[in-house]
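Subject: Handover of a structure and its findings

Dear colleague,

Please find the structure below, followed by an account of what was found in it. Kindly keep it open while you read.

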Amino acid sequence: MAQTYDAAGSGDRGKHPDHPGEQGAEDPVRLLAVRETPLSVDEVFAAVGDHAAGGTALFVGTVRDHDGGNDVARLGYSSHPSAEAELRRVAEKVVADHPVRALAAVHRVGDLVVGDLAVVVAVSCPHRAEAFDACRKLIDDLKHEVPIWKHQTFSDGTEEWVGA
């Protein structure tokens with residue numbers, strides 16, 4: 001399911017003619033994946049490295065031990081087959097709306113336990129405020145628009161689906 005994207009073919013996207021040093025990379029979407037294997041902050045951070053970026057923002061979502069006043073025992077993520085295509089669409093929208101130099105996002109599916117990494121996203125931009133804004137947009141849109149669902153099991157045996 002996982003795909004890595006190279007810097008091929010996006011033409012004039014992200015160009016800033018008044019500031020040549022801030023021109024966007026050819027394809028700033030460097031890494032997108034929905035995978036069953038553990039996630040790596042180092043992998044995502046490395047994917048967004050860019051010498052023209054003055055700011056890099058990274059978000060890591062972890063499985064917490066509670067939700068809505070209930071103790072979480074475990075959870076599982078599942079995804080629709082279109083999840084990576086939707087993730088790509090979300091990433092491209094962030095790139096179109098922000099001066100992104102590089103972008104990466106990975107989300108885990110399968111059974112996870114408290115403390116596991118569920119999602120890691122990162123964005124590098126010419127300046128820190130742009131990086132923060134783009135990273136927040138990326139994680140917010142990923143959570144709202146990419147068809148990935150969470151099934152939580154609580155310590156009292158009750159269960160709940162989130163995002164379904």
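A residue is called buried when its relative accessible area is under 20%, exposed when it is over 50%, and partly exposed in between (1.4 Å probe, protein chains only). This is a predicted model, in which local features need pLDDT of at least 70 and side-chain atom pairs count only at pLDDT 80 or more, while totals for chains, interfaces and linings use all residues. Residues are numbered from 1 along each chain as its sequence is written, and side-chain values use heavy atoms, with hydrogens and water left out.

Helices (H or I, at least four residues) and strands (E, at least two) are DSSP runs, numbered from the N terminus.

Helix H2

The face of H2 turned away from its buried side carries the exposed residues Ala-85 and Ala-96. Buried in H2 are Ala-83, Glu-84, Leu-87, Arg-88, Val-90, Ala-91, Val-94 and Val-95. They cover an arc of only 165 degrees around the axis, which puts them on the same side of H2; the arc is that of the directions from the helix axis to the C-beta atoms.

Helix H3

The buried residues of H3 are Ala-131, Ala-134, Cys-135, Leu-138, Ile-139, Asp-141 and Leu-142. Against which elements do the buried residues of H3 pack? They pack against strand S3 (55–62), helix H2 (83–97), strand S6 (102–108) and strand S8 (117–125).

Contact means heavy atoms within 4.5 Å. His-66 lies in strand S4 and counts as partly exposed, at 42% relative accessibility. Not counting residues up to four places away in sequence, His-66 touches Asp-71 and Val-72. The C-alpha atoms of His-66 and Phe-154 are separated by 8.2 Å, although these residues are 88 residues apart along the chain.

Ala-73 lies in strand S5 and is also partly exposed, with a relative accessible area of 37%. With the neighbours up to four places away in sequence again left out, Ala-73 touches Thr-153, Phe-154 and Ser-155. Between the C-alpha atoms of Ala-73 and Val-114, 41 residues apart along the chain, the separation is 7.4 Å.

Yours sincerely
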